[in-house]
Amino acid sequence: VLLTLCGLGWAQQRELKPGWNLFSKDQDIQLGKEAKAQIEKEVVVVKDAALSEYVRSIGQKLASQPQAGGYPYSFDVVHDDSINAFALPGGPTFVHTGLIAAAENEAQLAGVMAHEIAHVALRHGTNQASKAGLMQLPVMLGSAMLGKRGGLLGALGELGIGLGANSLLLKYSRNAERDADLLGTRMMAQAGYNPVE
């Protein structure tokens, strides 16, 4: 029991910071906008105003916490039966209808959303892309050629870092998942949700 309490104390006090990254915060935001436009062509975004506002209100409550990093978050509901959500670099966040249906209460939904917001704040997507494109990425990011390549998303595509089910922008290590859990739990508690959910 003492060991568990010590571990919990360490986890609560541990400072979580974004890892090494070749992208600037502004480039994260640009990449997120480009990727969001691509995603919206591939999924069915729910147009129910009441449901969208409900999810957006939870998201804004969480995103207003200082640990969220001040990104321009957006929250959309995607018609998909899987119990899932995902966030793109820079803040675009998508919540599946299957997750909403499976959540027993608002705090459970907020917990998953806080986890995704934490991935954005900790810049996990562009950290992964930075590691994958270590040699070519600095030249592309600094190049005026980005406009000719279809923006950041196009430049990443040329490196084989695309957006899709196995995208590096959405695939994280166990440590990244653990850090998103920790930061998400802190955000949700500060926003008034029970982190046990």
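This briefing describes the sheet, the helix packing, the nonpolar cores and the salt bridges of the structure above. The model is a predicted one. Its open sheet has three strands in the order 1-3-2, with mixed pairing. The largest nonpolar core has 33 residues, and the count of salt bridges comes to five.

**Sheet**

- Strand 1 and strand 2 are the edge strands of the sheet, each pairing on one side only.
- On average, neighbouring strands of the sheet are turned by 15° against each other, direction ignored.
- Strand 1 runs parallel to strand 3 (residues 92–96), and five bridges join the two. Within this pairing, V77 has V95 in strand 3 as its bridge partner.
- Strand 2 and strand 3 run antiparallel and are joined by three bridges. In strand 3, F94 stands opposite F86.
- Five of the five residues of strand 1 are buried, so this strand is largely enclosed by the rest of the structure. S74, D76 and V78 point one way from strand 1, while F75 and V77 point the other way.

**Helices packed on the sheet**

- Helix 2 packs on the sheet and touches strand 1, strand 2 and strand 3; its direction makes about 30° with that of strand 3.
- Helix 3 also packs on the sheet, where it touches strand 1 and strand 3; its direction makes about 140° with that of strand 1.

**Nonpolar cores**

- In the largest core, of 33 residues, L62, Y73, M113 and Y193 have the most contacts inside it.
- Helix 3 (49–63), strand 1, strand 2 (85–87), helix 5 and helix 9 (174–190) each supply at least two residues of this core. Helix 5 provides the largest share, nine residues.
- Leaving aside residues up to four places away in sequence, M113 touches V55, I58, G59, L62, F75 and V95.
- A second, separate core has six residues, among them A35, I39, L88 and F94.

- Side chains of opposite charge can pair when their charged atoms come close.
- D28 and R123 meet through their side chains in a salt bridge, at 2.8 Å from N to O. D28 lies in helix 2 (residues 25–42) and R123 in the loop between helix 5 (106–121) and helix 6 (124–132), so the pair ties together parts that are 95 residues apart in sequence. Both D28 and R123 are buried.
- K36 forms a salt bridge with D76, with the closest N and O atoms 3.1 Å apart. K36 belongs to helix 2 and D76 to strand 1 (residues 74–78), so this pair ties together parts that are 40 residues apart in sequence.
- K36 counts as buried because its relative accessibility is 19%, under the 20% cut-off. D76, at 15% relative accessibility, likewise counts as buried.
- A network of salt bridges links K36, E40 and D76.
- D179 and R178 also form a salt bridge, with the closest N and O atoms 3.1 Å apart. D179 is buried, with a relative accessible area of 13%, whereas R178 is partly exposed, with a relative accessible area of 33%.

Conventions
Residues are numbered from 1 along each chain as its sequence is written. This is a predicted model: local features need pLDDT of at least 70, side-chain atom pairs count only at pLDDT 80 or more; totals for chains, interfaces and linings use all residues. Side-chain values use heavy atoms; hydrogens and water are left out. A salt bridge is a side-chain nitrogen of Lys or Arg within 4 Å of a carboxyl oxygen of Asp or Glu. Helices (H or I, at least four residues) and strands (E, at least two) are DSSP runs, numbered from the N terminus. Buried means under 20% relative accessible area, exposed over 50%, partly exposed in between (1.4 Å probe, protein chains only). Two strands pair if DSSP finds at least two bridges between them. A nonpolar core is a set of buried Ala, Val, Leu, Ile, Met, Phe, Trp, Tyr and Cys residues joined through side-chain atoms within 4.5 Å. Contact means heavy atoms within 4.5 Å. Axes are lines fitted to C-alpha atoms, for helices over the stretch in contact, and angles run from 0 to 180 degrees between N-to-C directions.
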